[in-house]
Amino acid sequence: MFEKTVQRYANILHLRFQPTFGAMPAATLNKISPGSFLKRFLKINLYTLGRLLPNLVKPAPRNEDLSGKIWLYVVSQNNYDALHFLKEQLPETVFVAGQNKQIGRYNQQVNRLSLRWKFFYTARFFLPVFLGLFKMHGSKAIRFFDLIFVSIGYYEAYLKHLQKHRPRAIVFANDHNDDSRAMLLAANKLNIPTVYIQHATVSTAFPPLEFTLSLLEGQDALDKYRQCGPVQGEVKLIGMPKADKFMQFRNFKTTLKNVGIAGNLMDEYDALKATILQLVLRFPDLEFTFRPHPGDARDFSFVTGKNAMFSSPKSEGAFEFLKNQDLLVAAESSIHLEAALLNIPGIYFRLGANNFYDYYGFVKTGLIAEAATEKELFSLVQQYQQDRPEVYQKAAYYNATIGTENEGKSDALAVQYLQEFLQKTLPFQA
């Protein structure tokens, strides 16, 4: 009876059961799902009391007219930034997010989908879904039962919203978040056209592509998605729209003065701190700027001093940060690609003894250099002080427009393909 529901939530929770998810550093993973069974149990009770039940009595969100529009569905501040160019060029678009989803500085600028009835779907489906996922994944279902609990009800709630508003199409910038997957599957159920615009480097741990149209940055993304499973729908390679307006800031200096250090949730805190402090101490004539991952709430107050600065991702975007750098040091971060597009060489340096190595394949493809030890890191920085290489052409495998007449015109390509797609799938009726 519940077999289809279990399969649906196995799809929605795809990433949660991948080896790479469970291999994150304990401190990072515990913030997503507590390691203690009792803390996970407390989490779902607090979620029920603080989120599900209050939603039952909250008034419906006051939104724009959502019916028949193109929905730009977002789950983060980065998603909003990645899709904002569509809002500027296609007047029939509206930003949409779940009722309580945090969209950073854009929280007040998105329409909200009520999750009033999510409580009842959770109460109905949690036990059979948990048991079904336990049969599939064993102890992992117990380890992440809190994430299973939180995910349930999105699909059913979104299905009702889609039946009511019948959007002309839904555009996504995230294909693996739980509620993004739920929205995608609900749209597919109702044959509503779906479009995916890649907004960051992808991984082979991601779910297979199930969109009507996927606009990917380059061959790297397509090759990785083919490893994820069968590719459904049409695929176009368009480059990186969010990078277009920054191509003019490509850095062609032959030496370096400013070094950016980018953090990630997978970095171990002590290793990250030690690396920053050692670089600042070792190279007093260089200016170092540290930028954490937007979701990293750890204490970085130690980033201070004569040649150490802090860049807040809440107020400064990745490209704005990179505009001022001559070199980038980071571990598992897609910002390496964004740096390369601006002709900023990158050094891959593992920040802690975690289970990840070259997660995005940047070292393997030669996009960036690798420093296996602290000594090698210092040596590379010294080398680039005197002889800073050009690297942007190496990014062509990741960005299909590099070196072509469409370089810097990815947003125009995305709009063109989207309009052609909409005209083909559902001609617009004025």
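I started with arginine 143: it is buried but has no salt bridge, and the nearest side chain of opposite charge, aspartate 146, sits 5.0 Å away. For me, buried is under 20% relative accessible area, exposed is over 50%, and partly exposed is in between (1.4 Å probe, protein chains only). A salt bridge needs a side-chain nitrogen of Lys or Arg within 4 Å of a carboxyl oxygen of Asp or Glu. On charge, Lys and Arg count as positive and Asp and Glu as negative, with His and the chain ends not counted.

Note on the source: this is a predicted model, where local features need pLDDT of at least 70 and side-chain atom pairs pLDDT 80 or more, while totals for chains, interfaces and linings use all residues. Residues are numbered from 1 along each chain as its sequence is written, and side-chain values use heavy atoms, with hydrogens and water left out.

Arginine 143 belongs to helix 7 (residues 139-143). Helices (H or I, at least four residues) and strands (E, at least two) are DSSP runs numbered from the N terminus. I looked up what arginine 143 touches: Leu29, Asn30, Ser33, Pro34, Gly35 and Arg40, leaving aside residues up to four places away in sequence. Contact means heavy atoms within 4.5 Å.

I find six strands in an open sheet, ordered 10-9-8-11-12-13 and paired in parallel; a pair needs at least two DSSP bridges. Strand 10 (308-310) and strand 13 (369-370) are the edges, each pairing on one side only. Strand 8 (residues 258-262) pairs with strand 9 (residues 287-291) over five bridges, and asparagine 258 has glutamate 287 as its bridge partner.

Then I checked helix 1 (residues 3-12) against helix 10 (residues 178-189): they pack at about 130 degrees, axes 8 Å apart. Axes are lines fitted to C-alpha atoms, for helices over the stretch in contact, and angles run from 0 to 180 degrees between N-to-C directions. That angle makes helix 1 oblique to helix 10; under 35 degrees would be roughly parallel, over 145 roughly antiparallel, 65 to 115 roughly perpendicular, and the rest is oblique.

Last, I went through salt bridges; the count is 15. Arginine 298 and aspartate 296 meet at 2.7 Å, N to O, and both are buried. Glutamate 320 and lysine 323 meet at 3.3 Å, N to O. Here glutamate 320 is partly exposed at 32% relative accessibility, and lysine 323 is partly exposed at 30%. I also noted that shared partners join Glu234, Lys236 and Lys424 into one salt-bridge network.
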